[in-house]
Amino acid sequence: MFEPGDIVKIKKDYLDKGEDPTTEYAVIEDYGDGKVKVACHWNGFMGYLLYTWPDYTMEKVGHVDLDKLTNK
């Protein structure tokens with residue numbers, strides 16, 4: 001469903017109470033089994049916090065080159 005480098009946000013219906021709807025995540029890997037591994041994404045930088053969530057809770061809002069985010 002997603003490709004590495006896709007920028008995603010949590011869909012409105014799946015946000016926790018008080019959760020920021022503008023928070024973006026960079027897709028690290030789509031496992032192909034309904035789960036996606038993401039890292040926080042801020043202003044062109046990727047954080048070190050990794051999460052695995054169901055892919056149906058996410059929506060694509062952009063794409064970045066993961067190599068540039070990880071300085072490879």
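Q: Which strand is V61 in?
A: V61 sits in β5, the strand covering residues 58-63. Keep in mind that this is a predicted model.

Q: OK, how much can we trust it? What's the mean pLDDT?
A: The mean pLDDT is 88 for the protein, and 90% of its residues reach 70 or more.

Q: And which elements have the lowest and highest mean pLDDT?
A: Helix α1 (residues 66-69) has the lowest mean, 75, while β5 has the highest, 96.

Q: What does V61 touch, beyond its neighbours within four places in sequence?
A: V61 is in contact with I7, V8, K9 and E24. E24 is 37 residues away in sequence, yet the C-alpha atoms of V61 and E24 are 8.5 Å apart in space.

Q: How many residues of β1 are buried?
A: Four of the five are buried, so β1 is largely enclosed by the rest of the structure.

Q: Let's talk about the inside. Which residues make up the largest nonpolar core?
A: There are nine: F2, V8, I10, Y25, V27, V36, V38, C40 and M58. Strands β1, β2 and β3 (35-42) each give two or more residues to this core, and β3 has the largest share, with three.

Q: What does I10 touch, not counting residues up to four places away in sequence?
A: I10 touches L15, E19, Y25, W53, T57, M58 and E59. Y25 and M58 are also listed in the largest nonpolar core.

Q: How many residues are in the second, separate core?
A: Five, including A26, A39, M46 and L66.

Q: Switching to aromatics. How many aromatic pairs does the structure hold?
A: It holds four. In one of them, the rings of Y14 and Y56 have centres 5.5 Å apart and planes at 70°, so they're edge-to-face.

Q: Where do Y14 and Y56 sit in the chain?
A: Y14 is in the loop between β1 (6-10) and β2 (24-30), and Y56 is in the loop between β4 (45-54) and β5. They are 42 residues apart, and the pair links distant parts of the chain.

Q: Are those two buried, partly exposed or exposed?
A: Y14 counts as partly exposed because its relative accessibility is 40%. Y56, at 47%, is classed as partly exposed too.

Q: And how do the rings of Y51 and W53 lie?
A: Their centres are 4.9 Å apart and their planes are at 0°, so that pair is stacked. Y51 has 29% relative accessibility and is partly exposed, and W53, at 23%, is partly exposed.

Q: Which residues do ring pairs link into a cluster?
A: Y25, Y51 and W53.

Note on methods: Residues numbered from 1 in each chain as written. Predicted model: local features only at pLDDT ≥ 70, side-chain atom pairs only at ≥ 80, totals over all residues. Heavy atoms only, no water. Contact = heavy atoms within 4.5 Å. Phe/Tyr/Trp six-rings, centres within 6.5 Å; stacked < 30°, edge-to-face > 60°. Buried < 20%, exposed > 50% of the residue type's maximum accessible area, 1.4 Å probe, protein only. Core = buried A, V, L, I, M, F, W, Y, C linked by side-chain atoms within 4.5 Å. pLDDT = per-residue confidence, 0-100.
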